[in-house]
Amino acid sequence: MTEIFGLLMDGFGVALQPLNLALIVFGCAAGLFIGAMPGLGSVNGVAILLPLTYLVPPTGAIIFLAALYYGAMYGGAISSIMLGIPGASTAVATTFDGRPLAKKGLADKALTAAAVASFVGGTISVILFTLAAPPLAHVALVFGDPEEFALMMLAFATFVGLGGDDIAKTIFSICIGLVLAAVGFDTVSGEPRLVFFDITNFMDGIKFLVLAIGIYGIGEMLWTIEENRRAGGVSQLSEATVTWKRTVANIRGLLATWKTMLMGSVLGYFVGILPAAGATPGSLMAYGFAKQMSKEPDSFGKGNVEGVVAPEAANNAASTGSMLPMLTLGIPGSPTTAILLGGMVLWGLEPGPRLFTEQPEFVWGLIASLYAANVVALILNVAFIPLFIWVLKLPFTLLAPVIFVLCLVGGYAPNQSMYDVWLMLLFGVVGYLMRKLDYPLAPAVLAVVLGPLAERALRQSLLISGGEVSIFFTRAYSGPIMVVAIILLLLPLGLMLRRRLRGVQADSQ
Amino acid sequence: MNAKMMSAMLLTTTGLIATPALAEWKPAKPIEFVVMAGKGGGADKAVRYMQGIIAEEKLGPTVTPVNKAGGSGAVALNYMKGKKGDNHTIMFTLNSFYTTPLRQPKLGVNIETFTPIMRMAEDTFCLWVNKKRNDGKEIKTVDEFVAAAKAAGSKWIMAGTGKNSEDNLLTDFLNTAYGLKMKYVPYKGGGKVAKQLAGNNADSTVNNPSEQEGFYKAGATRPLACFTDKRLALFPDAPTFKEIGKDFVYYMQRTVVGAPGMSADAAKYYNTLFSKVFNSKKWQSYRTKKALQGDPLAGGKLMAYWKKERSVHEAMLKKMGAIK
């Protein structure tokens with residue numbers, strides 16, 4: 001313990017050198033901006049700015065990129081909350097409740113919640129990282145396909161097993177998502193699937209962000225236009241204001257959500273550690289769990305602050321978590337860390353099991369800088385809230401075209417393809433119609449993200465076991481997870497039966 | 001602002017543009033460097049390494065790696081096919097460059113239309129096992145491996161990088177040569193495959209040295225033998241399959257290829273650029289560290305090599321029953 005503390009203090013000695021501190025501030029600010037731009041997320045940011053890092057020593061370079069990664073996690077929430085356009089795939093879950101809060105005039109509350117939850121998630125995960133990197137790396141290593149599949153089942157279960165929502169509609173929505181996720185090349189057999197009308201672009205599959213920007217960005221805009229017309233004229237998106245008094249009250253109010261923050265942080269961290277998962281599934285799963293744990297699950301999706309806290313704590317925690325397999329195993333836990341990994345090789349470092357002993361200055365400098373980056377990003381984010389609120393006060397007639405253009409840019413930017421833009425517009429209309437017909441959208445979005453991961457894990461597991469389903473229940477880690485998932489799936493059915501039975505009894509009396 | 005604009009801005013702010021000495025044509029925007037595999041695998045690492053060499057030694061403009069994983073390279077090939085006549089798109093390719101178009105004639109990809117630029121290396125393959133297996137068995141030689149795999153039958157898991165990929169071909173070879181029934185399970189990328197072995201979720205792999213390097217150095221995994229002509233300097237104790245009586249040598253090309261229909265001037269430019277990369281100290285030391293082999297090949301020689309390799313692979317796939 002004292003040894004770790006000593007190493008961490010040495011790390012702070014590195015992180016707080018003037019150049020490195022400046023890199024942290026610059027990295028966080030750049031990340032905040034990139035994260036807030038729809039379509040651009042931490043992956044793009046890190047990839048674009050990687051060549052810049054050849055100008056500084058390796059430790060400074062990784063500190064800069066890690067700060068950027070963090071900043072982007074904070075920034076993604078901004079456009080999700082303000083405009084209803086997911087700023088990055090990691091912030092899609094934040095739109096579910098962040099946007100309704102903003103419409104209620106509570107944008108400042110949502111933004112503060114996002115910033116504070118990100119800070120808490122980031123900090124808790126760095127503490128976990130500091131204390132237990134090597135044993136956790138071992139868990140990540142033995143976590144195989146059956147475990148991954150069990151985890152995915154758990155995520156689906158949290159979305160199906162929600163009281164309140166229409167279960168049949170939820171399952172239908174999940175199925176639509178799974179079908180969309182199946183489009184493109186099948187990794188296990190290598191065959192193309194669901195290539196509609198022989199449009200070769202479908203071979204690449206449907207990108208999650210394109211779907212999310214369509215459904216939430218465009219769909220939301222159409223929805224608001226309709227509401228506006230009904231209200232009869234020029235209105236603004238939100239009556240939000242921000243004052244010191246309100247901010248202090250908001251932060252105080254967040255203390256009540258500590259359980260959700262803790263859950264989101266720990267869950268996000270563990271999902272982040274697993275190679276292949278990363279921050280997007282982590283944040284969606286945290287949202288599902290928060291709803292499941294809540295005493296009033298019906299208020300989720302309608303502006304419950306816990307619905308912002310959970311995914312925001314989780315996505316920051318996951319971004320730290322995904323650095324663990326990168327540093328200790330040389331395997332990226334997320335697309336962003338894959339690029340960081342490339343950078344490390346180039347700087348002459350060898351990520352892998354020996355990095356901790358051979359390059360303690362680098363590793364501990366990075367860990368210490370994560371603590372510092374959290375503080376810097378929190379300050380920057382809270383300081384900018386008044387500016388964001390000002391944007392929200394613009395009349396909607398001005399804002400609507402801006403949202404539309406941002407959606408187009410967001411759909412085009414990741415792959416520079418018009419095909420994605422058309423697809424996004426189509427999803428916008430479909431999303432709008434689904435909302436009118438009262439179908440829940442979040443389960444479809446979840447299915448698109450987790451579907452491919454779950455399918456691959458399922459098929460690989462069954463290949464290994466020769467078709468025996470027992471493989472999911474007989475292994476040390478997957479067994480318990482699978483059992484919990486099945487209980488969660490059956491829970492609503494049990495509750496429904498009990499309600500029916502009681503109803504029958506009440507009638508007969 | 002999109003990614004391209006951002007990189008363009010960076011270009012101007014950092015002054016990374018270096019003018020090539022003689023070539024008439026030069027890139028007008030950042031070069032898109034397509035990787036035929038997922039992030040974190042051997043090919044991806046090599047591309048990002050070359051990107052770094054080009055940036056650091058100011059050999060050319062910004063290079064943006066773009067990962068097009070999936071379908072054993074089909075996604076990437078399809079993408080390149082769509083970039084016909086584009087002078088700013090190049091790809092780093094593997095042996096799936098031959099096998100995928102053979103297996104999926106529907107793609108309509110003819111590799112002879114692609115522009116040969118330069119073969120940067122040939123990667124090697126070795127047979128790997130975990131040093132501390134769950135069943136406690138210690139496997140140190142190919143003989144011990146064969147005995148254990150025979151006893152396990154189809155319960156022996158061989159992890160690899162996709163159906164009918166290089167790893168699949170090698171697994172098939174081992175199954176035939178030693179009368180084994182190992183089960184092949186495909187994963188996305190060599191990094192993930194290496195992890196399956198290190199975590200004892202697979203019994204063996206045929207990873208490239210670079211993919212297992214970290215685990216090997218940490219003492220977790222062991223190479224039993226390599227599919228090479230000579231022993232690798234990195235693993236002096238691992239024999240070649242030739243030495244132990246199975247004449248099977250297999251390499252994977254690591255080659256830079258240009259979009260179909262690229263202009264001759266552009267091809268010449270890239271040729272010069274990648275010769276410089278090849279001859280740089282960093283690439284040479286990378287080759288040594290990662291046990292990469294193979295001389296640089298370019299132009300017509302490279303095309304001839306492709307045609308030869310394609311017919312070799314066609315024969316192998318036919319033998320496997322993957323194609324008719």
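The following dialogue explains how to read several features of this predicted model.

Colleague: Where in the chain do A:E455 and A:R193 lie?

Modeller: A:E455 belongs to helix 20 of chain A, residues 442-465, and A:R193 to strand 2 of chain A, residues 192-193. The two are 262 residues apart, and the pair therefore links distant parts of the chain. A:E455 counts as partly exposed because its relative accessibility is 24%. A:R193 is likewise partly exposed, with a relative accessible area of 23%.

Colleague: Let us turn to chain B. How many residues apart in sequence are B:E56 and B:K282?

Modeller: Their side chains meet in a salt bridge, with a distance of 3.0 Å from N to O. B:E56 lies in helix 2 of chain B (residues 42-56) and B:K282 in helix 10 of chain B (residues 281-289), so the pair ties together parts that are 226 residues apart in sequence. B:E56 is partly exposed, with a relative accessible area of 37%, and B:K282 is partly exposed at 23% relative accessibility. Salt bridges may also be read as groups: A:R99, A:K103, A:E220 and A:R435 are joined into one network by salt bridges that share partners.

Colleague: My next topic is helix packing. What describes two packed helices?

Modeller: Two packed helices are described by the angle between their axes and the distance between the axes. In chain B, helix 6 (residues 166-178) packs with helix 11 (residues 299-320) at an angle of about 60°, and their axes are 11 Å apart. That angle makes helix 6 of chain B oblique to helix 11 of chain B. The crossing of helix 6 past helix 11 in chain B is left-handed.

Colleague: Which helix gives the most to the nonpolar patch?

Modeller: The patch itself covers about 1,000 Å² of surface, and the residues that make it include A:V469, A:F473, A:I486, A:L493 and A:M496. Helix 22 of chain A, residues 478-508, gives the most, with 10 residues. A:L493 is found in that helix and counts as partly exposed because its relative accessibility is 47%.

Colleague: How may I read a pair such as A:L408 and A:I215?

Modeller: One compares separation in sequence with separation in space. A:L408 and A:I215 are 193 residues apart in sequence and 13 Å apart in space, taken from C-alpha to C-alpha. A:L408 lies in helix 18 of chain A (residues 396-412), and A:L408 is partly exposed at 26% relative accessibility.

Colleague: I turn now to backbone angles. Which residue lies in the loop between helix 19 and helix 20 of chain A?

Modeller: That residue is A:D438. A:D438 has a positive phi of about 65°, although it is not a glycine. With a relative accessible area of 58%, A:D438 is exposed.

Colleague: Is B:A291 buried or exposed?

Modeller: B:A291 counts as buried, because its relative accessibility is 6% and buried means under 20%. B:A291 is found in the loop between helix 10 and helix 11 of chain B. Its phi is also positive, near 55°, in a residue other than glycine.

Colleague: Finally, which residues are buried in helix 8 of chain B?

Modeller: Helix 8 of chain B spans residues 209-217, and among its buried residues are B:P209, B:S210, B:E211 and B:F215. B:G219 follows helix 8 of chain B and has a positive phi, near 80°.

Conventions: Residues numbered from 1 in each chain as written. Chains lettered and ligands numbered in written order. Predicted model: local features only at pLDDT ≥ 70, side-chain atom pairs only at ≥ 80, totals over all residues. Heavy atoms only, no water. Patch = residues over 30% accessible without salt bridge, like charges linked within 9 Å, V, L, I, M, F, W, Y side chains within 5 Å. Areas by Shrake-Rupley, 256 points an atom, 1.4 Å probe, with all protein chains shown as cover. Salt bridge = Lys/Arg side-chain N within 4 Å of Asp/Glu carboxyl O. Helix = DSSP H or I, 4+ residues; strand = E, 2+ residues; numbered from the N terminus. Buried < 20%, exposed > 50% of the residue type's maximum accessible area, 1.4 Å probe, protein only. Axes fitted to C-alpha atoms, helices over the stretch in contact; angles between N-to-C directions. Parallel < 35°, antiparallel > 145°, perpendicular 65-115°, else oblique. Left-handed = near helix turned anticlockwise from the far one by under 90°.
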